[in-house]
Amino acid sequence: GANFGECYSYFADENCLNIASDRIINLDHGDPTMFAAYWHAVGGASTTVILGWQRMSYFANKQLFWFVEQELEREIRSLHKVVGNAVTEGRHIVIGTGSTQLFQAALYALAPPDRSKPASVVSASPFYSSYPLITDYLKSEIYRWAGDAMSFQPQSPNDAYIELVTSPNNPDGTTRHPVVNGTGPVVYDLAYYWPHYTPIIAAADHDLMLFTVSKSTGHAGTRIGWAIVKDVEVAKRMAKFVELNTIGVSQDAQIRATHILRTVVNAYAQKGSSPYALDRREGLDRNKLFHYGYSVMEYRWRQLQAAVSGGDRFSVPHFPPEFCSFFGEMITPHPAFAWLRCNKESDCHGVLKAEGILTRSGLHFGANSEYVRVSMLDQHSSFNIFLNRMKALSSVEV
Ligand code: PMP
């Protein structure tokens with residue numbers, strides 16, 4: 001067996017590059033396992049203990065959104081204040097079992113219930129591969145997937161549609177805006193709008209925004225997401241969906257998410273307010289999540305860009321720097337996924353699979369098979385093996 005302990009550091013060293021050279025590296029899912037090193041360093045401060053008699057009721061509070069843990073709501077608002085990535089004042093917060101449940105709640109809340117045909121759900125390609133699957137698996141009569149928003153045009157004012165805008169985008173990391181020429185509702189999926197992935201340009205202030213702990217802190221398994229909603233009637237319908245679907249959201253998971261977010265917020269609160277200078281030591285040493293995330297992602301993108309530049313077989317995107325209000329300086333985006341293109345082979349997924357690298361084909365995102373999406377969020381040992389293989393592949397003439 002390989003000794004992964006040698007590879008605990010995110011900076012590749014000889015040991016990391018030499019281990020398990022035949023191991024299959026799975027970068028198909030966006031599983032954010034790289035954050036475990038950060039939480040390991042944080043240690044006990046992020047621990048949750050729930051006693052046998054606690055949190056037993058269906059009800060978390062006696063108010064309108066009765067399943068929403070009030071302390072979690074408070075930490076979410078504090079976190080957005082620290083980061084400056086979204087406006088929460090005067091907005092309603094609905095908690096869900098991952099943002100995946102809230103995405104469905106949003107479709108339920110926004111699709112008109114009384115039309116002769118379902119509302120068209122659209123998103124500009126390449127779009128997150130789960131959107132078409134989640135939209136259509138129950139064959140709803142009030143909404144259905146209608147594909148690429150770029151080629152969608154409402155036929156009449158009565159033609160209902162819902163546009164999904166993912167920014168930064170999964171899979172290609174670009175900043176997105178609505179593209180449909182119409183007045184239909186827009187769902188902003190801002191799962192990746194955090195300083196470790198992208199410069200924070202402004203506090204997002206849209207009618208309906210989705211966030212998740214999966215991509216902010218890495219706690220994908222806790223299954224907690226949140227929606228920030230302007231209109232109370234939309235928020236109520238979303239909460240109704242969560243009530244009908246799962247009678248609320250696990251209190252245990254909400255409490256864990258509360259402690260996790262509190263740990264993140266507290267590390268920054270000790271040092272006044274933003275901007276928070278980009279100093280590497282602020283990361284693992286001082287428990288600053290976004291500093292840790294930024295330095296890992298910056299390192300990984302630099303290494304990947306260097307690896308593929310050894311030839312012209314592959315290309316990965318390069319992004320222009322922009323001013324980040326959180327760090328107080330110009331930074332380049334470092335997306336959670338690399339949208340990698342095979343420049344000379346048409347089955348890019350197959351090319352990488354043959355080398356023990358599992359990725360997701362562009363075909364799943366409404367794009368073509370010359371592209372694959374590669375997770376940049378795996379643990380350090382896997383990423384370093386991936387990098388090593390990409391270096392070798394890039395230097396092969398095809
Ligand atoms: N939206 C986007 C754009 C995503 O990439 C993901 C996770 N891959 C999700 C939503 C789902 O997040 P969650 O774990 O909160 O359900």
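Predicted model: local features only at pLDDT ≥ 70, side-chain atom pairs only at ≥ 80, totals over all residues.
Reader: Let me start with a loop: between which elements does Arg 223 lie?
Author: Residues are numbered from 1 along each chain as its sequence is written. Helices (H or I, at least four residues) and strands (E, at least two) are DSSP runs, numbered from the N terminus. The loop that holds Arg 223 runs between helix 6 (213-216) and strand 8 (224-229).

Reader: What phi does Arg 223 have?
Author: Most residues other than glycine have a negative phi. Arg 223 is not a glycine, yet its phi is positive, at about 60°.

Reader: How many other C-beta atoms lie within 10 Å of Arg 223?
Author: A residue is buried with 20 or more other C-beta atoms within 10 Å of its own, exposed with 12 or fewer, and partly exposed in between; C-beta atoms are placed from the backbone. Arg 223 is partly exposed because its count is 19.

Reader: Where is Arg 55?
Author: Arg 55 also has a positive phi, near 55°. It is partly exposed, with 14 other C-beta atoms within 10 Å. Its place is the loop between helix 2 (36-42) and helix 3 (70-83).

Reader: Which residue does a cis peptide bond join to Pro 168?
Author: Most peptide bonds are trans. Pro 168 lies in the loop between strand 5 (161-166) and strand 6 (186-189). With omega about -5°, the cis bond links Pro 168 to Ser 167.

Reader: What is omega for the cis bond between Asn 170 and Pro 171?
Author: Pro 171 is found in the loop between strand 5 and strand 6. Omega of its cis bond with Asn 170 is about 20°.

Reader: Which elements do the buried residues of helix 8 pack against?
Author: Helix 8 (residues 251-269) has 19 residues and spans 26 Å from first C-alpha to last, close to the 27 Å expected. Its buried residues include Ile 255, Leu 261 and Tyr 268. Taking contact as C-beta atoms, placed from the backbone, within 7 Å, they pack against helix 3, strand 2 (92-97), helix 6, strand 8 and helix 9 (289-308).

Technical notes
Expected span 1.5 Å × (residues − 1). Contact = placed C-beta atoms within 7 Å.
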